[in-house]
Every structure is written in structure tokens, then in C-alpha cells.
Amino acid sequence: QVQLVESGGGLVQPGGSLRLSCTSEKSLNYYSIGWFRQFPGKEPEGFSCVDGRDGSLLYADSVKGRFTLSRDDAKNTVYLQMTNLKSEDTAVYYCTAGAKCSPRPNEWHYRGQGTQVTVSS
């Protein structure tokens, strides 16, 4: 069982930055790690992933150029650096772990509880 814990969310002004962390007590080596966000009343949206097999990174167009995913396997942590945040980025963000990248939440083996990101002036 892999338990994922997100941290780093909060309130930030438009144009600001935040770094989210996704941490596990167990090794995340070889897992693909995804990031989803959920807007109120909407289905979760997968927007970034790192493939556990070859380390390739995937980003949705909505975050490409603004968000950067990285992983530190020695710390069992995956980071999501978010820059130039916009009000429309306001959502609950959570990470997932599984065998492969997928935009479908139910295809992941594990997910965290999420952290709120609010972008507002």
C-alpha cells in the first residue's frame, strides 16, 4: 500500500507561484506519478504525469509552460512547481501513483487526499 500526502497548497495572488509536494513513506521508484485537479462540481482533470518507465513528462495544454513536474526518488517525493498562476487554476490538487500515465482517475492505483490551491487577489 502506498499512501500519498500532498502539501504546499494555499492562497496566492494571480501571477504568483506555489510548489506542491507529493510524498510517500514508501519508495515511489518505478511508479508513474500523476497530478490531477478538481474544480467544484466538476470531474477531476489530469494535467501532468511523469512516466515511471522512462521518465517522460506529460502536460496538458492548460498548464504547459507554467507548471513543471519533477521527482526526487531519494526523498520519495514528486514536486509540482506552478508559476504564473491564474484564477482559473483554483482547485483541489492531488497526486496519484500507478503503473502508467492516464487521464482517467480510476486507472490509478493510489491517490492522495489533495491540497487546496486558491488563486485570488
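Q: How many strands does the secondary structure of the protein chain comprise?
A: The model is predicted, and its pattern along the sequence is β-β-β-β-β-β-β-β-β-β-β. The protein chain has zero helices, and the number of strands is 11.

Q: Which strands are the edge strands of the open sheet?
A: The open sheet has four strands in the order S1-S3-S8-S7, with antiparallel pairing. An edge strand pairs on one side only, and this applies to strand S1 (4-7) and strand S7 (67-72).

Q: What is the average twist from one strand to the next in the sheet S1-S3-S8-S7?
A: Strands of a sheet pair through backbone hydrogen bonds, either parallel or antiparallel. In the open sheet S1-S3-S8-S7 the pairing is antiparallel. From one strand to the next, the twist averages 15°.

Q: Which residue stands opposite Cys-22 in the pairing of S1 and S3?
A: S1 and S3 pair in the antiparallel sense over four bridges. Cys-22 belongs to S3, and the residue opposite is Glu-6.

Q: How many residues apart in sequence are the parts tied together by the disulfide of Cys-22 and Cys-95?
A: A disulfide joins Cys-22 to Cys-95, with an S to S distance of 2.1 Å. Cys-22 lies in strand S3 (residues 18-24) and Cys-95 in strand S9 (residues 91-98), so the separation of the tied parts is 73 residues.

Q: Are Cys-22 and Cys-95 buried or exposed?
A: Buried means a relative accessible area under 20%. The relative accessible area of Cys-22 is 0%, and that of Cys-95 is 0%. Cys-22 is therefore buried, and Cys-95 is likewise buried.

Q: Is the disulfide of Cys-22 and Cys-95 right-handed or left-handed?
A: The handedness follows from the torsion about the S-S bond, which is about 75° for Cys-22 and Cys-95. The disulfide is therefore right-handed.

Q: Where does Cys-101, the disulfide partner of Cys-49, lie?
A: Cys-49 and Cys-101 form a disulfide with their sulfur atoms 1.7 Å apart. With -80° about the S-S bond, this link is left-handed. The two cysteines are 52 residues apart: Cys-49 is in strand S5, and Cys-101 is in the loop between S9 and strand S10 (110-111).

Q: What is the pairing of the bonded cysteines when numbered in sequence order?
A: The whole structure contains two disulfides. One joins Cys-22 to Cys-95, and the other is formed by Cys-49 and Cys-101. In sequence order, the pairing is 1-3, 2-4.

Q: Which residue takes a positive phi in the hairpin of S4 and S5?
A: Strand S4 (residues 32-38) and strand S5 (residues 45-50) pair in the antiparallel sense over five bridges. Gly-34 stands opposite Cys-49 in this pairing. Six residues lie between the strands of the hairpin, and the one with a positive phi near 75° is Gly-41.

Q: Which residue is the bridge partner of Val-50?
A: S5 also pairs with strand S6 (residues 57-59), in the antiparallel sense over three bridges. In the hairpin of S5 and S6, Gly-55 takes a positive phi near 75°. The bridge partner of Val-50 lies in S6 and is Leu-57.

Q: What is the radius of gyration of the protein chain?
A: The C-alpha trace spans about 40 × 30 × 25 Å along its principal axes, and 43% of the 121 residues count as buried. A compact globule with 121 residues would have a radius of gyration near 14 Å.

Note on methods: Residues are numbered from 1 along each chain as its sequence is written. This is a predicted model: local features need pLDDT of at least 70, side-chain atom pairs count only at pLDDT 80 or more; totals for chains, interfaces and linings use all residues. Side-chain values use heavy atoms; hydrogens and water are left out. Two strands pair if DSSP finds at least two bridges between them. A disulfide is a pair of cysteine sulfur atoms within 2.5 Å. Buried means under 20% relative accessible area, exposed over 50%, partly exposed in between (1.4 Å probe, protein chains only). Axes are lines fitted to C-alpha atoms, for helices over the stretch in contact, and angles run from 0 to 180 degrees between N-to-C directions. The radius of gyration is taken over C-alpha atoms; the globule rule is 2.2 Å times the number of residues to the power 0.38.
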